[in-house]
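Please look over the model below before reading my points. They are meant for someone who has not seen it before.

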Amino acid sequence: MRRAHIGVFLGLVIGVVAAGYGQALDMGEQASHVGGGGYLIRNASLVLTMDPNLGDGGILGQLENADVLIVGDRIAAVGANLAGPDGVRIIDGRGMIVMPGFVDTHEHAMQSIIRGCAADDTVVGWLARCTSGIRAANPTENEMHATSYLHAVGLIDTGVTTVNDWIGRFLNPVYRGSVRALVDSKLRFSVAVFGFATDGSDLAATVNMVKQDFIDGNPLATLQIASSPNPGTAAHIDVASQLAQSLGVKLHVHLLENIADLASNQMQVLQNNGAFALGRDLHVAHFVHASDSDIATIASLDASVAHNPLSNMRLASGIMRYPEIQNAGIRIGLGLDGGTNDTTDMFNNMRAAVGLQRAKSLNALGSPIIAEVLRAATLGGAEVLDMESQIGSLTPGKQADVIVIDPRTINFAPSLSLVNQLITNGQPQNVKDVFVAGRPLKSNGELVGVNVKKVIKNAQSAADRIAPFLVP
Ligand SMILES: [Zn+2]
């Protein structure tokens with residue numbers, strides 16, 4: 001491995017250099033915003049840049065004994081013997097793994113309120129017994145804030161730095177509470193909005209409200225439109241596709257999740273109601289029961305896929321045809337899919353993504369191999385969201401969405417292969433530091449500015465109030 005591979009983002013940080021190369025330092029005013037003088041993670045045992053041009057190991061971009069410099073909201077430099085500006089805070093990286101934060105491409109943060117619900121049912125029964133109960137309980141904005149905030153801090157805890165949250169079909173208080181929780185968490189997020197009416201009649205109004213109150217002017221936030229194709233929602237798909245097109249945002253749908261979806265002609269409903277015209281701006285979650293022809297169609301549209309292996313296991317949905325979908329050139333990201341996996345553990349999700357395919361194919365080298373699943377969880381997820389110019393790798397100049405992982409723990413040690421053990425051993429407890437846009441959200445193993453006991457108490461109160469409406 002290279003030990004002195006230097007990447008420096010010249011456009012932002014003129015003058016930041018490797019001290020070992022003897023050049024002068026002058027950070028200027030760029031160093032003065034988020035993080036003060038910035039953060040220098042020094043002497044990390046392993047840096048996975050996920051940039052093939054920055055390090056060895058192909059798609060992983062591996063560097064040993066390297067530094068990562070964060071200045072303002074950007075990654076300023078990656079390499080050996082870096083020096084930072086005045087006031088830079090040093091993080092001792094010895095023994096640590098540093099990599100880009102995880103990108104969660106399909107989520108329902110508010111569903112934390114039904115964790116554990118109908119754990120003996122498929123998605124069809126789970127929707128009827130659990131999510132319908134939330135709707136019947138008519139949750140308040142504060143209840144939805146409490147549960148979505150619990151979920152959001154759980155995502156930070158596991159090293160997720162960008163979440164793509166799909167919200168539907170609910171009234172305004174649910175949107176307001178959920179999206180406010182994402183804002184308060186300081187995660188980078190996109191939110192996909194469905195509205196309440198299945199004919200799409202209130203979609204534009206709900207989108208406008210979310211956009212004006214939470215998205216516009218927030219550099220961490222982007223908007224999507226949500227829908228789910230079936231014969232009863234054709235009108236919604238039509239309105240949603242037109243709105244996505246006019247706003248230039250993605251349409252994010254559930255597709256071919258359960259075997260029962262095959263009877264709903266979902267691909268036809270999408271095609272007949274304008275969704276295919278979105279092309280690259282169509283994002284589909286699950287895609288488990290895709291035929292060869294469905295895969296060819298999604299590939300030809302340049303649409304993207306969110307793979308949710310833990311959810312697909314929990315709900316007996318099936319195993320997505322990962323190798324075929326990847327071979328078709330379709331962009332794949334990972335998703336935790338809200339309450340359907342009862343957790344926010346991205347390590348467990350990556351482990352399931354690898355393990356399910358091996359159990360199905362009896363091939364330990366079938367896709368995704370470990371390097372591929374790490375890519376899907378980072379740069380691949382960024383590509384799914386069309387955000388790869390901003391996030392997904394530690395390329396200097398990109399946003400400083402960075403995580404530091406400590407493998408020196410009972411579950412992880414002793415270390416033979418840090419890369420492989422990220423998947424075989426990793427747990428949220430190993431995530432020591434999390435930065436989003438250069439701002440520390442988890443520091444030295446503690447969530448920053450989060451009263452964990454209070455967060456749990458608030459979420460439990462909301463769950464207790466809603467519980468009588470569920471059929472657990
Ligand atoms: Zn979902």
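This is a predicted model: local features need pLDDT of at least 70, side-chain atom pairs count only at pLDDT 80 or more; totals for chains, interfaces and linings use all residues.

1. Residues are numbered from 1 along each chain as its sequence is written, and side-chain values use heavy atoms, with hydrogens and water left out.

2. The structure holds one disulfide (a pair of cysteine sulfur atoms within 2.5 Å). C117 and C130 form this bond, with an S to S distance of 2.1 Å. C117 sits in the loop between β7 (102-107) and α1 (123-137) and C130 in helix α1, so the bond ties together parts 13 residues apart in sequence. Helices (H or I, at least four residues) and strands (E, at least two) are DSSP runs, numbered from the N terminus. The torsion about the S-S bond is about -90°, so the disulfide is left-handed.

3. Both cysteines are buried (under 20% relative accessible area; exposed is over 50%, partly exposed in between; 1.4 Å probe, protein chains only).

4. The largest nonpolar core has 116 residues, of which L282, F287, I298, M350 and L374 touch the most other members. Such a core is a set of buried Ala, Val, Leu, Ile, Met, Phe, Trp, Tyr and Cys residues joined through side-chain atoms within 4.5 Å. Another core, of 19 residues, lies apart from it and includes L63 and V404.

5. V471 lies in the segment after α14 (452-466) and is partly exposed, at 49% relative accessible area. Leaving aside neighbours within four places in sequence, V471 is in contact (heavy atoms within 4.5 Å) with C117, A118 and R129.
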